[in-house]
Amino acid sequence: MFCDKDNVNILTALLAAHGIRHAVVCPGSRNAPIVHNLKECEQIECHPVTDERSAGFYALGLALATASPVAVCVTSGSALLNVAPAAAEAFYRHVPIIIISADRPAQWIGQLDGQTMPQTGALGCFVKKAVCLPEPNNDEQRWMCNRLVNEAITTATIHGWGPVHINVPITEPLFSFTTRCLPKERVFTAEPAATLIASLENIKDDLAKYQRIMTVIGQTWKGNIDDALFALLSRDNVLIAEPLSNASATSVHPDEAVCDVGDDPDCSPDLVIYIGGTVVSKRVRRYLRRTAAPTWLLTVDGYDMPDPTMNLTKIIECSNWQQLDELLNRIYLATASEQTTFSQKWHNAMKAADLHAHTFAPAFSQMETVKTFEEEIEANGMTAHIHYANSTAIRLANIYARHYVWCNRGLNGIEGSLSTAAGFSLATEDKVFCVIGDLSFFYDQNALWNTCLRGNLRILLLNNRCGGIFKSLPGLEKSDAADDFVAAAHHTDARGTCLQNKVVYIEAHDSGSMKKGVRQLINEPSERPMLLEVFTDADEDSRIIGEYLRMCTSHRV
């Protein structure tokens, strides 16, 4: 029988699944559930050592002798600090020891309770990674626990071996051992860049087991993935990508396509290959998690192991983007096949989404403004760099942009979008456009307080006098705080900001003046930055976007 603590059982199952065969265990009450489990686990041999400082070095010796990771388990409090000398030695000698510390619940840290201290991060720079497991109460917390243990164990043996620290808070009662078997846990596997070529045939063999492969490309640097590769990926395969991924060679509208396919089982992937950073569409992220398809992460940074689909099973590291491109070409040229029901339905959904985006005629709104702007940019054919701010602006870009889009999607904050575009404009002679909402603009208006700015910086300010995206959140309208406190309603315009910073100012209040202003913003020469402020109604903006999304399934091909 194993203990009744979910986080301890997940940890034990993953230690065994990752091939950990030795554990040095120290006495204590708080770590008793962990020690019990390690002793019960047939795959793991336990070695009792009373002195924690000595125990750390025992684990070091075992790891050196076996050339494999070894666990060392200590109780809460100062016991962990005694492992620090061994951790430091292992760090500088690149020896993979997995330091497991039991901990008191967070609410009792610093409350004069016995053997309590801040244990998370206590080993500082002497471990490659430190994680603290939750005590799971739901499936999402269990996923988090699984992910953290996988990340820590994988980190111990990737990019040079070294120690890692797993901290495990455990709530009383501690000594209930009634769980019959360990849970079956998802295990990460990693293919380091150094062994990638040797592993290529195995990767191809593994891919051959899947029939419905979906490739997802999140935000990347411009040029990381070239147009020819995008064309290859979208030819016979299912590609989910947005303008932030440089998908200009293909017409993709994944948010709308997901609306179209719904829960059709024929459209559900059996493998997801994920590349790059964030995907803007929350609907797409929810869909990927709902499919529960195993996910392979192709990355140029094996230290970073995001699990956006909640189903990560394999990490394939490439040394650079060129190698990643070569890998994708080899994989997809080797596995190219005739279209299946899966790929055909997705391609039909993408075509329907593209047709809908092209034919939908929004009334005067932020949506019509971005549509007009993007059509004018495309018709002009100029070399330009288009930045979009977060919230509504970047979501409208996903509908209409046919080029690479720059956007601060690392943390998705409203601050700094204008400053980023302004800084970009200092390093190029090309025009730099920033499409931005009113809250983001006024928050970052000091970006224009700079004497170095020139006429190549152009700003399209979408002003509906509030954080318009909050209008689309169901239920928020019932709150009396919605308008003034959450959406930050205001009556500010940019005229004064432009005047004090010598920025050419244009305003528009209807469709006609907006279209004229967009043409002026894009084409008119100027030695100073130029700003077009388009005033719209927030409720009408929300209504039109809602109508567009509701109609996504009415244009099936």
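This is a predicted model: local features need pLDDT of at least 70, side-chain atom pairs count only at pLDDT 80 or more; totals for chains, interfaces and linings use all residues.
Residues are numbered from 1 along each chain as its sequence is written, and side-chain values use heavy atoms, with hydrogens and water left out.

The chain contains 20 helices and 18 strands; these are DSSP runs numbered from the N terminus, with helices (H or I) of at least four residues and strands (E) of at least two. Along the principal axes, the C-alpha atoms fill a box of roughly 80 × 60 × 45 Å. Of the 557 residues, 53% are buried, where buried means under 20% relative accessible area, exposed over 50% and partly exposed in between (1.4 Å probe, protein chains only).

The largest nonpolar core has 36 residues, and Phe373 and Tyr388 have the most contacts inside it. Such a core is a set of buried Ala, Val, Leu, Ile, Met, Phe, Trp, Tyr and Cys residues joined through side-chain atoms within 4.5 Å. Helix H14 (residues 392-400) gives this core its largest share, six residues. Once neighbours within four places in sequence are left aside, the residues in contact with Tyr388 include Val370, Phe373, Ala397 and Trp406; contact means heavy atoms within 4.5 Å. A second, separate core has 33 residues, among them Ala71, Ala156, Ile166 and Val168.

How do helices H13 and H14 pack, and at what angle? The angle between H13 (residues 366-380) and H14 is about 50 degrees, and their axes are 10 Å apart. The axes are lines fitted to C-alpha atoms, for helices over the stretch in contact, and angles run from 0 to 180 degrees between N-to-C directions. H13 and H14 are therefore oblique to each other, since angles under 35 degrees count as roughly parallel, over 145 as roughly antiparallel, 65 to 115 as roughly perpendicular and the rest as oblique. On the H13 side the contact is made by Gln366, Met367, Val370, Lys371 and Glu374, and on the H14 side by Thr392, Leu396, Ala397, Ile399 and Tyr400.

After H5 comes His94, whose phi is positive, near 60 degrees.
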